[in-house]
Amino acid sequence: MRALVHRVLPSSVLLRHVLAVLAALVVVVLVLETTSQFRNSQFATMSYYAIAAVGLTVLTGLNGQISLGHGALMAVGAYTTALLLADGAVPFPLAMLAATAVTALVGVVVGAAAARLHGPYLAGATLALAVGVPGLAIYFDGLLGGEQGLRVSSPRPPDWLDDALYFLTANDLTGAKYLAYLGWGTLLLVLLLLANLMAGRYGRVWRAVRDDEVAAELAGLRLGRLRVLAFVVSAACAGLAGSVLAMVVRLAAPSGFTIVLSLSLLTAVVVGGLGSLTGALLGSALLVFLPPAVTNVGTSAGLTGVQAAQLAPFVYGVVLVVVMLVAPGGVMGLVRSWRRRGLRQGGSR
Amino acid sequence: MSRPARHRGLVAGALVAIAALVVSSCGAGGRPEDGEGGGGGGASDVGVTADTVKVGAHFPLTGVAAPGYSEIPTGAKAYFEYVNANGGVHGRTIEYVFRDDAYNPTNTSQVTNELVLQDEIFAMVGGLGTPTHSAVLDFLNGEGVPDLFVSSGSLLWDQPEQNPMTFGWQPDYEVEGKIIGQYVKQNMPDAKVGLFLQDDDFGEDGEKGARAYIDDQIVAAERYAPGNTDIGPQIAALQAAGAEVIIGFNVPSYTALSQLTALRLNYKPQWIYSNVGSDPALVGALLSRFSEGKVTDASLIDGAITTEYLPGVEESDDPWTRLWQKVWDAHGGEGKLTNYRIYGMSQAYTFVQALQAAGPEPTREGIVEALERVGGELRGPAFVPYRYSADSHAGLSGVKVVRISGDGTKDLGPVQVTDNGDADITEHTEKHAPPPPDGIPDVQPVG
Amino acid sequence: MQQFLNVTLGGLAQGAIYAAFALALVLIWRATRIINFAQGAMAMFTTYLALVLIESGQSYWTGFAVALAGGLVLGALVERVVMRPVEGGPELNAVIVTLGLFVALQALAAILFGATFQSFPAPFGLRGFTVGGTTIAFTPFSVFVIGSVVVVMLGLVALFRFTDLGLRMRASAFSQEVARLLGVRVGRMLTLGWAFAAVVGSLAGLLIAGGNLVHPAYMDAVIVYGFVAAVLGGLESPAGAVAGGLIIGLALSYVSGYLGSELVTLAALAILVAVLLVRPHGLFSRVAERRV
């Protein structure tokens, strides 16, 4: 089986990743074209969670640094986007790039401080970051809109794209679908970049630092710099995610970047399977699709609206606990052990 | 063995992403445009069938903002069920769907997508909160969904040019601030006034209204960040500034906190709370528990001044309160009738009026047009009329100033109405009419 | 001057509450090397138990005792049932389990007790003392709060320093293998550590609730500042937790009173970062600086 995979797929890692992303792109188009507008909007939501989560998995899964503050970094990206898009002079791709760059810069500062901290101390500092940064928006309310936040005019689909897609699929390009395309296009690009990064030299040294700091340092690796770099990559992803969030939600407001957001990202990364991009995707899907599904099950089981709404966080919490007890490696850990067992039983080794 | 596995990571990732997309898209049903939206014969717009009209709303049902606010939709639901049990509106029953946004604008945008695109509601009725609702303002107006009676007194909802589908409902904070300001000016012209403000548009608009009359009397303005429950420093600063009257634009839990903090400091100014924060029944119940314990004086909130625009649960003789009690007893769920539930019922009542005015074949544009044409003439549970017209989507036009006394309130002056900006405050002399005998409005279709 | 005094006293009372919460975190950290994010939710739950009893006509102290006992049972139960399987595994897994518990318990409380504000009585007066004709922001109940925290801290120090049980608990936390070889029943020590911590957490919950409003999410703000206080103090030492709590309580009170309440969260961040950059393991840690 594996031999077959190797024969069919090109040997260059980069090329293989590009092919995989192209294949995924086709599927994304197929799925977005055949699902309802509401599902499209859910996919748009999933895309920004996933962009932030894959970035966090580089930091936490690969480099072993915990962050409870990625929500704050998303806020930086979202506010940058909101400010740049405000007067309509800046095209949105430029705003997304700027949001990524600004957040990466913030990542340098935070990462430099974080590189000195370990375990619970890092957790505490990043937690304080998650709670503190939204306060900036209230303090500088003249510029950042205070509690009410900044409204964002989300980009409208250009006519040529609408025409092209209509030609291909005979479907109109709705606002929700366009944002889903935007989000997933960005996500696939991020995945391509991160997959290459993780397969390459930096992936190896980050893992080395995570697994044994002393050995890595003896081997001549400069730990501080590597840690900061991991933080910067991860922050850039969070900033980009924040930018997509601002355009999908059409608002950047402090109440959108509470500690709940930061903690949700961490749960997504761990429940999916720490260190795995696929796991981060799965975890993000859980964040987006589980709560409304539970609420709807609750409602159709005869609960009142309020009870059904309270059921959703309850089930989410229980799922977190159960997954960690049943599958300590997250969903991807489970998948891997199944695959290993399957191989052993199939005798293909 | 782990190396090739790692290289395959992305391939696997892509496959799982695909699987996630495909699996989760199952059960989505057909696209709404191709759906049976037009079925049922005689239906006139999205969310309207021959025998139903579907409306929706977003509320914080979980999390920090849930206490209190989560009761509003239960009240609205009870009233809609009462109307349905009595034949509905133009033969249609009203289906009411409300979803949880946990007071987080990111969630609001998701649940509003769900309401509009999945549940295919005809209109949004009573979506709650300023930051939350402003996240969906553009979306609702872009999709042409009537966005009626937002549960917030922000000035954002009155922009008919920019947001033609959006209507406010409760008196906005500026109007309330003006009427309170004028009351203080006339009755306590020499008092030093302190402001206790929530640090958002609520406090800001209220301050603007009050300052229009008593700018020279204000000695301090202290703001609290919502969520920060230690307001000792703010109250201590107001005390240090020598404020004899404190006007609070705050939510009910902070009314209780401000009373407890003042108690600790033995600080006894004349408190004036905005309507949002007073709810005498709720605050009284919260504070009475302490008096059972070691705090001696009966009701801390007794003697505080506030404003009213709806008869509350404590005025059990008012014909409107009697109606709400009857509705709640017949169709409510667990719990008692509260002022939050009365708020929800009153909004529901206003929606029924609007739906009647939109005629037997309501359309989204039709209901907006109907509100613009006759909205200013509608009378209901509120003491004052709405300001609805083609040029204004602002809600109720005024309040009356009352003093909290025992379990109820005593009027301190007449019902007053005004508008934003420089508009004068005038007395509203029209008598408050009781509800129709069957408790269901009877508004004639427009046009 | 009076304002300064009142802001200071208010900050001390608030700081004592953060300290109580930080003490509970420190206990669990010392016992199992886990940060318990469910601490606040567990405390909220036991506080509701007390409230239910008090509402049904029992005295405050009955409710108080039952809440502490409930904490003991809940702590032991949580350790045995959901924490045991993830102890010793990847540290993030334990974090996620406690986060899951936090979310689930909070939702459960909303379902069982309702998502409404309720007032919680205080056993002592809520009126400030009068000194020389002016009233200061220090009440009999504040005395009770600060007294309780001091007693708990001294109790913990005594437990760890002077008792056989404390020694065994420390040994289990320091090295499970060695402790086991020495005949310490490590599993039981871990359960005990969680149970004690939950009692202290429940106490913090009751102290915060007293003379205040409770709702299912009322502990959320305390969780963050309590955690910051524990980290500030160094996570290892009960005295550090108390010092961290008081520092945070006082500092935030001054910021809120003189600079504005919107800066409180930023101030907490600034203080923590400043301290950690100088002392990466907190103010009171005796751990040697890591070499890497």
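## Ground rules and overview

Helices (H or I, at least four residues) and strands (E, at least two) are DSSP runs, numbered from the N terminus. By that count, chain B has 16 helices and 13 strands. The model is a predicted one, in which local features need pLDDT of at least 70 and side-chain atom pairs count only at pLDDT 80 or more, while totals for chains, interfaces and linings use all residues. Residues are numbered from 1 along each chain as its sequence is written, and chains are lettered from A and ligands numbered from 1 in the order in which they are written.

A residue is called buried if 20 or more other C-beta atoms lie within 10 Å of its own, exposed if 12 or fewer, and partly exposed in between, with C-beta atoms placed from the backbone. Of the 447 residues of chain B, 62% count as buried. Two residues are in contact if their C-beta atoms, placed from the backbone, lie within 7 Å. Within chain B, take the contacts with a separation of 6 or more: residues 24 or more positions apart account for 70% of them.

pLDDT is the predictor's confidence in each residue, from 0 to 100. Chain B averages 85 on that scale, and 87% of the residues score at least 70.

Now for some architecture. Two strands pair if DSSP finds at least two bridges between them. Chain B holds an open sheet of five strands in the order S2-S1-S3-S4-S5, with parallel pairing. S2 (93-100) and S5 (166-168) of chain B stand at the edges with a single partner strand each, so one side of each is left without a neighbour in the sheet. On average, neighbouring strands of this sheet are turned by 25° against each other, direction ignored.

S1 (residues 52-59) of chain B pairs with S2(B) in the parallel sense over eight bridges, and B:Ala57 stands opposite B:Phe98 in S2(B). Helix H4 (residues 72-85) of chain B packs on the sheet, touching S1 and S2 of chain B, and its direction makes about 165° with that of S2(B). For the angles, axes are lines fitted to C-alpha atoms, for helices over the stretch in contact, and values run from 0 to 180 degrees between N-to-C directions.

B:His90 has a positive phi of about 50° although it is not a glycine. It lies in the loop between H4 and S2 of chain B and is partly exposed, with 15 other C-beta atoms within 10 Å.

B:Tyr103 is another non-glycine with a positive phi, about 60°. Its place is in the loop between S2 and helix H5 (105-118) of chain B, and with 24 C-beta neighbours inside 10 Å it counts as buried.

## S8(B), an enclosed strand

Strand S8 (residues 245-249) of chain B has five of its five residues buried, so it is largely enclosed by the rest of the structure. In a regular strand the side chains alternate between the two faces of the sheet. Here B:Val245, B:Ile247 and B:Phe249 point one way from S8(B), B:Ile246 and B:Gly248 point the other way, and all are buried.

S8(B) pairs in the parallel sense with strand S6 (residues 193-198) of chain B over five bridges, where B:Val193 has B:Val245 as its bridge partner. Four bridges join S8(B) to strand S9 (residues 270-273) of chain B, also running parallel; in S9(B), the bridge partner of B:Val245 is B:Gln270. S8(B), helix H11 (residues 252-265) of chain B and S9(B) make a right-handed β-α-β unit. Right-handed here means that, with the strands pointing away from the viewer, the path from the first strand over the helix to the second runs clockwise.

## Where chain A meets chain C

Over at the interface, 43 residues of chain A are in contact with 41 residues of chain C. On the chain A side, H6(A) gives the most, with 15 residues.

## A buried methionine in chain C

C:Met42 sits in helix H2 (residues 39-55) of chain C and is buried, with 27 other C-beta atoms within 10 Å. Not counting residues up to four places away in sequence, C:Met42 touches C:Gly71, C:Leu74, C:Leu105, C:Ala198 and C:Gly201.
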